[in-house]
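Dear colleague,

I am handing over the structure below, and I would be grateful if you could look through it with the notes that follow.

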Amino acid sequence: MQGLMSYGINPIRVTPITKQRSRFLVQSEPNLTKGVRGFQIGGVNKKKRFSTLIMAAAVGNSNTLPSKEILELWKNGDAVCFDVDSTVCLDEGIDELAEFCGAGKAVAEWTARAMGGSVPFEEALAARLSLFNPSLSQVQNFLELRPPRLSPGIVELIQKLKANRKHVYLISGGFRQMINPVASILGIPKENIFANQLLFGSSGQFLGFDENEHTSRSGGKATAVQEIKKNHGYKALTMIGDGATDFEARGPGGADLFVCYAGVQLRQAVAAKADWLVFNFQDLINSLG
């Protein structure tokens, strides 16, 4: 694309603010509420304790108790790929950016359709961006004013995976400009990020997104995972995420195990197909031994 420039945003320094709600913490126990995106995991009174089994029973899923074979794959695998939005982070990045730019509701509706698998991802991505056309300055302001909110336990899980000499990747339909700060916090190198890239002109005006990125189209996460596994010769690879595009990565030449993380959003159609359904990253940490 002649004359176009794609801008990366340097990782930001995140300083928790005392006496205010931390963007890195969820300060309540999980709660299931039905929403347009499926079941949303909200907050409830801390006096109420919901176990994984109770939560699973509430929505009719039984795959919260992994088989011995599943546990062995998880423990002995050599690589783990994470979705970012509603998995590593509490929010859907494009929804948050759209809300910041004044188009939150309309974009969120498209996101729900894309994550449910009812619309080709590339179509949904283009449609969502066209609703608000973010400029470079808007993206920069967004990153400065709204640092990423990490899911509870994700820092500890990734530390544990690294301690067990497993390679960690971020595979996202979101944007590198917004994911780079997350990777920096988690100590994940940029070469282990597969995500989309926003494109801007010389004046910072929005021009589109890089259509050559794997994750810019349907089946892109599966392609990225297959490439990772082939290039590095991994014997067993796990994909962790909440959406239909994450489940697509589970297949021949791709992920050997799909863990559906429903700690933020429970998408029933995806959860039902998962090898293992978890509502808390602590379950994965504990099972690593």
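Which residues does Asn-192 touch, not counting residues up to four places away in sequence? Please keep in mind that this is a predicted model. Asn-192 lies in the loop between α8 and β5, and, with residues up to four places away in sequence left out, Asn-192 touches Val-168, Tyr-169 and Leu-170. The relative accessible area of Asn-192 is 13%, and because buried means under 20%, Asn-192 counts as buried.

Phe-194, whose place is in strand β5, is likewise buried, with a relative accessible area of 15%. Not counting residues up to four places away in sequence, Phe-194 touches a list of residues that includes Tyr-169, Leu-170, Ile-171 and Ser-172, and also His-214, Thr-215, Ala-224 and Ile-228. Arg-176 and Glu-227 are also among the residues that Phe-194 touches. Phe-194 and Lys-221 are 27 residues apart in sequence, while their C-alpha atoms are 8.3 Å apart in space.

Turning to the helices, the axes of α6 (residues 136-145) and α8 (residues 176-186) come within 10 Å and cross at roughly 25°. Angles under 35 degrees count as roughly parallel, and α6 and α8 are therefore roughly parallel to each other. The crossing in which α6 passes α8 is right-handed, and the contact is made by Val-139, Phe-142 and Leu-143 on the side of α6, and by Gln-177, Met-178 and Pro-181 on the side of α8. Sorted by type, the residues of this contact are five nonpolar and one polar, with no charged residue among them.

Of the contacts with a separation of 6 or more, 64% are accounted for by residues 24 or more positions apart.

Note on methods:
Residues are numbered from 1 along each chain as its sequence is written. This is a predicted model: local features need pLDDT of at least 70, side-chain atom pairs count only at pLDDT 80 or more; totals for chains, interfaces and linings use all residues. Side-chain values use heavy atoms; hydrogens and water are left out. Axes are lines fitted to C-alpha atoms, for helices over the stretch in contact, and angles run from 0 to 180 degrees between N-to-C directions. Helices (H or I, at least four residues) and strands (E, at least two) are DSSP runs, numbered from the N terminus. Angles under 35 degrees count as roughly parallel, over 145 as roughly antiparallel, 65 to 115 as roughly perpendicular and the rest as oblique. A crossing is left-handed if the near helix is turned anticlockwise from the far one by less than a right angle, and right-handed if clockwise. Contact means heavy atoms within 4.5 Å. Ala, Val, Leu, Ile, Met, Phe, Trp, Tyr, Cys and Pro count as nonpolar, Asp, Glu, Lys and Arg as charged, and the others, Gly among them, as polar. Buried means under 20% relative accessible area, exposed over 50%, partly exposed in between (1.4 Å probe, protein chains only).
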